[in-house]
Amino acid sequence: MTFLPFMYGDVSEVKEIIESNRLLVDQWLFSGVMNYSFAIENKLIDHKEGSYPLLHGSSFFGTLLEAQLDRGKIYRKISIDNFKETELEKVLSFYNLQPIQYYSMPFQSHHHLDNLVNFHRKLLEENKVEIAITAVRYAYDKLKKEGYPVYRLTPSYLAIKLTIELLGERAQAHLFENRQMAIIGCKVLNTANIGDQYQFFKWKHHELNLKKSLLELTENISGSFVEEGDGLYFIFTTKGELDKEVERALYQLIDEYQVRDQISIGITIGFGENVLHAEHNVRYGLNQAKINEQSPITVVEGRYEITERLTSAREDVLNMDELKQRLADKFDKEVASPRDVMRIYVYAHKYNLQKFTAEDISRWLQSTERNGRRILAELEQANVVRKCGKVQSNQRGRPKNVYCFVEHALVNASQE
């Protein structure tokens with residue numbers, strides 16, 4: 001193990017520390033419950049990515065002994081925070097120390113630190129306790145500065161050692177999991193619709209575009225691309241390469257070909273302990289796939305354990321059903337084709353473009369620039385787009401018109 005220390009003065013600095021060093025750290029060892037709960041509440045980590053040493057009876061007795069040696073007095077009335085009352089009752093009864101009276105306050109949140117200070121201060125001022133024991137540095141510094149008898153409760157050596165061992169085991173398990181075999185299976189579900197010669201060659205062009213998109217994805221995840229034939233493709237990689245960005249790319253792939261080319265794609269991710277296990281899982285998932293406008297991504301692991309990630313669970317992806325309905329309600333089909341509008345929205349969303357030209361349209365829709373100008377003219381007439389400037393190309397000739405959507409909100413329909 002390599003330990004990287006990160007120092008901070010205020011708990012709010014934990015956010016920047018974690019975000020800046022996320023790629024360097026496998027597991028986070030927090031000094032206490034306050035900074036750990038701050039990270040959990042702000043979704044900086046999940047429960048499997050970090051922990052903190054718990055406070056046990058040895059921590060309490062060590063701090064109490066320190067106070068008694070420091071002041072040469074036996075203390076029987078104390079206030080304590082962030083210590084489980086059941087744990088305190090257990091250790092006092094086990095060692096027959098019931099004469100010790102205590103007031104405890106459980107941990108609430110980093111937002112209530114002043115309440116913690118007031119809890120100890122009030123008890124000390126009313127002489128209900130002789131000393132205060134706190135696990136929070138803020139409360140310790142505040143009470144110490146005000147001259148109250150306060151001592152800092154810290155985890156024992158054994159508690160820290162056990163927490164480090166736990167984090168080490170988690171890191172090893174996570175490393176093993178990330179090296180687990182993963183196969184992304186992509187299957188075109190409506191190849192049966194290919195009929196005459198024209199449809200056949202049109203399908204071949206679509207197939208080449210799909211292979212190009214899958215090759216780009218394969219390169220991004222350092223995988224290996226295999227074409228099985230009849231519209232079936234495999235990408236071999238490891239589980240650690242598959243993150244939310246890859247999932248978004250897969251959703252975008254499904255939507256793009258569904259809208260632009262009317263091709264339904266089934267995608268399954270199969271995990272396994274070895275290549276054979278992963279391939280069995282991915283083939284099983286693809287066999288369950290059906291033509292559906294809301295094609296889910298199916299994840300298969302273990303012994304054919306299937307999880308479907310549906311459209312409603314997508315992040316930052318266009319809500320296709322909502323967009324279709326809004327376009328159908330808004331635009332006259334006789335003047336502007338909702339399908340053309342939708343295709344342009346998909347690509348504008350994909351490339352994050354608010355402005356575009358006829359050349360962009362022809363590239364997106366794989367048609368001529370003349371056809372792109374015709375489509376934009378129809379959409380302008382239907383008040384879908386409007387001219388918002390001109391741009392001079394490198395070649396000689398007249399400047400090209402630049403268009404933008406009349407309603408920008410439709411571009412970000414998924415965020416509404």
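Buried means under 20% relative accessible area, exposed means over 50%, and partly exposed lies in between. The exercises below apply these classes to a predicted model.

**Exercise 1. Determine which residues of helix α14 are buried and which exposed residues its opposite face carries.**

Step 1. Helix α14 runs over residues 369–381 and has 13 residues. From its first C-alpha to its last it reaches 18 Å, close to the 18 Å expected at 1.5 Å a residue.

Step 2. G372, I375, L376 and L379 are the buried residues of α14. These residues lie on the same side of α14, because they cover an arc of only 95° around the axis. An α-helix has 3.6 residues a turn, so residues three or four places apart point the same way.

Step 3. On the face of α14 turned away from the buried side are the exposed residues R370 and Q381.

Step 4. After α14 comes N383, with a positive phi near 60°.

**Exercise 2. Determine what the buried residues of helix α1 pack against.**

Step 1. In α1, residues 13–21, the buried residues are V14, I17, I18 and N21. They span an arc of only 90° around the axis, which places them on the same side of α1.

Step 2. Exposed residues E16 and S20 are carried by the face of α1 turned away from its buried side.

Step 3. The buried residues of α1 pack against β1 (28–29) and α2 (33–41).

**Exercise 3. Classify the ring pair of F6 and W28 as stacked, tilted or edge-to-face.**

Step 1. The whole structure holds eleven aromatic pairs. For F6 and W28, the ring centres are 5.8 Å apart and the planes stand at 40°.

Step 2. Planes under 30 degrees apart count as stacked and over 60 as edge-to-face, with the rest tilted. The pair of F6 and W28 is therefore tilted, with its planes at 40°.

Step 3. F6 is in the segment before α1 and W28 is in strand β1, so the pair ties together parts 22 residues apart in sequence.

Step 4. The relative accessible area of F6 is 29%, which makes F6 partly exposed. W28, at 9% relative accessibility, is buried.

Step 5. Elsewhere, ring pairs join F60, F61, F83, F94 and Y95 into a cluster. A charge over a ring is found at F271: K239 lies over the face of this ring, 4.7 Å from its centre.

Terms used:
Residues numbered from 1 in each chain as written. Predicted model: local features only at pLDDT ≥ 70, side-chain atom pairs only at ≥ 80, totals over all residues. Heavy atoms only, no water. Buried < 20%, exposed > 50% of the residue type's maximum accessible area, 1.4 Å probe, protein only. Helix = DSSP H or I, 4+ residues; strand = E, 2+ residues; numbered from the N terminus. Arc of directions from axis to C-beta. Contact = heavy atoms within 4.5 Å. Expected span 1.5 Å × (residues − 1). Phe/Tyr/Trp six-rings, centres within 6.5 Å; stacked < 30°, edge-to-face > 60°. Lys NZ or Arg CZ within 6 Å of the ring centre and 35° of its normal.
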